[in-house]
Amino acid sequence: MGRPPLPVGTFGTIGFFPTAGGEVQARARFRDFDGRTRLVSKTGRSKAAAERALKTELTTRRGPHGTGLLTASSRVTALVDAWLATDHGWSTGTERTYRSIIRTSVLPALGELCLREVTPGRVARAITAIAGTSGPGAAKTARACLSGMFALAIVDGAVTANPVRDAGVRVTRTAKKAPRALTPEDTARLVELFATSERAQALDLPDVVDWMLATGARIGEALAVRAGKVQGKTLLDLDTGTWEVAGTVVRVPKQGLVVQPRTKTAAGWRVVALPAFAQDMARRRLSGSRHPDSGLVFPSPVAGTVRDPSNVSGDLRVLLDSFDCATCGGTGLLPPATTGARPVRCEEGPWSRVTSHTFRKTVATRLEEAGFTPRQVADQLGHANPSMTLDVYFDRHVVSAEAATVLGR
């Protein structure tokens, strides 16, 4: 009868051997959690030093190593690579945000630590430092990334507890100002300002604003509106007056701007009824387009390609700051003589409080005032859950055609 194997997670007798460099090597056989017995060795200047180094290494191996890719001795950089390589089903924007936060905040703070060295205290200090340098939003995202990473490390057997969960640090976020909707009078005035602004017309923004006020769409969703068939489906049907919101414009690294064939969230997929003025606008733009092959309702004014939501948002910001503002003289920027060498945003105008989110808030308020249920309002905007009341069982996808009547002019 042969010698019985070592129990899983234990090691045999430690042997000591001299090395050519005059140090001592300590060796022992260790039975890993995959059932294989491996020879593990460490060297030191003395027998005692080599034994201590070997026992430290054997201690780090005592854990169920799931896939065997990560151990307690692995560095956080290796955990980052493994986590990012996993298919999480993220949207393009979410993945880009996570990669940016990891590169700029997480790796500089913890990247060179071994997983066994990442303690709740170190995590708390890192998140606090990130909040101080990059803001509470970055700290919150970094904490979410780290929590997901160490959940993977637990599955892989490299650690037994999630240090992020036990860190206990609280990120204090700046209180957000409650978004204010535009009144019907404000909406009419703002539409007039965009329509009569030469700068807005040159940037081709009045129709984009009208579309968002007619549908409650996000900027990326509005810029992704296309005619014709997309993957065999007609998303914009002007005969029936409906628009299937099934994509958004995003910037993909090494690819540029693309229309992502899915919305920001799963709940963002919806079919909305278009007011008559929005249908007429889409027909006018498509029939008079200088770039009919693109199929885009709102292509870039010059190239006819997909427009960048960030650029459109920035242009809207400057225009809104400039409207009816005596402080900046209608430029939207304070002059260098006031602020130094670089012009900065002027926030003194009466429309500076307005953002693209205000358009969505306006649509939600108009529908709520017209008697729509919170569920219907949430469906119109593409939200997963209504924030005003509990879910009501309504059709989650096709919004009532009454929305087009309420939002019409």
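Reader: Hello! How do the residues that line the largest pocket divide into nonpolar, polar and charged?

Author: Welcome! In this predicted model, the lining of the largest pocket holds eight nonpolar, twelve polar and seven charged residues.

Reader: How is such a space found, and how much of it lies in the largest pocket?

Author: The general idea is that a probe the size of a water molecule, rolled over the atoms, shows where empty space is left. Here, the largest pocket contains about 960 Å³ of space. It is lined by 27 residues, and those closest to its centre are Arg-96, Arg-218, Gly-220, Thr-248 and Lys-264.

Reader: Which elements give two or more residues to that lining?

Author: There are helices and strands on the list: helix H3 (92-110), helix H9 (219-223), strand E8 (248-252), strand E9 (256-260), helix H11 (309-322) and helix H13 (356-369). H3 provides the largest share of the lining, with five residues.

Reader: What does the pair of Trp-211 and Trp-243 tie together?

Author: Trp-211 belongs to helix H8 (residues 206-215) and Trp-243 to strand E7 (residues 242-245), so their pair ties together parts that are 32 residues apart in sequence.

Reader: Are Trp-211 and Trp-243 buried or exposed?

Author: Both of these residues are buried.

Reader: Now the charges. How many salt bridges are there?

Author: The count comes to 19 salt bridges. To read one, look for a side-chain nitrogen of Lys or Arg within 4 Å of a carboxyl oxygen of Asp or Glu. Take Glu-51 and Lys-55, whose closest N and O atoms are 3.2 Å apart. These two residues are four apart in helix H1 (residues 47-60), which means that about one helical turn separates them. Glu-51 is partly exposed at 27% relative accessibility, and Lys-55 is partly exposed at 39%.

Reader: What does the salt bridge between Arg-353 and Asp-186 tie together?

Author: First, the distance: the closest N and O atoms of Arg-353 and Asp-186 are 3.6 Å apart. Arg-353 sits in the loop between strand E12 (344-345) and H13, while Asp-186 is in helix H6 (residues 184-196), so this pair ties together parts 167 residues apart in sequence. Arg-353 counts as partly exposed at 31% relative accessibility, and Asp-186 does too, at 23%.

Reader: Where do Asp-204 and Arg-307 lie in the chain?

Author: The side chains of Asp-204 and Arg-307 meet in a salt bridge at 3.9 Å, N to O. Asp-204 is in the loop between helix H7 (198-202) and H8, and Arg-307 is in the loop between helix H10 (276-287) and H11, so that distant parts of the chain, 103 residues apart, are linked. Asp-204 is buried, with a relative accessible area of 17%, and Arg-307 is buried at 5% relative accessibility.

Reader: Which residues are joined with Asp-204 and Arg-307 into one network?

Author: Asp-207, Arg-284 and Arg-285 are joined with Asp-204 and Arg-307 through salt bridges that share partners.

Conventions
Residues are numbered from 1 along each chain as its sequence is written. This is a predicted model: local features need pLDDT of at least 70, side-chain atom pairs count only at pLDDT 80 or more; totals for chains, interfaces and linings use all residues. Side-chain values use heavy atoms; hydrogens and water are left out. Buried means under 20% relative accessible area, exposed over 50%, partly exposed in between (1.4 Å probe, protein chains only). On a 1 Å grid over the protein atoms alone, a cavity is a set of points where a 1.4 Å probe fits but cannot get out, and a pocket is an open set with protein on both sides within 12 Å along at least five of seven lines; lining residues have an atom within 4 Å of a point. Grid points are joined across faces, edges and corners, and a volume is the space filled by probe spheres set on the points. Ala, Val, Leu, Ile, Met, Phe, Trp, Tyr, Cys and Pro count as nonpolar, Asp, Glu, Lys and Arg as charged, and the others, Gly among them, as polar.
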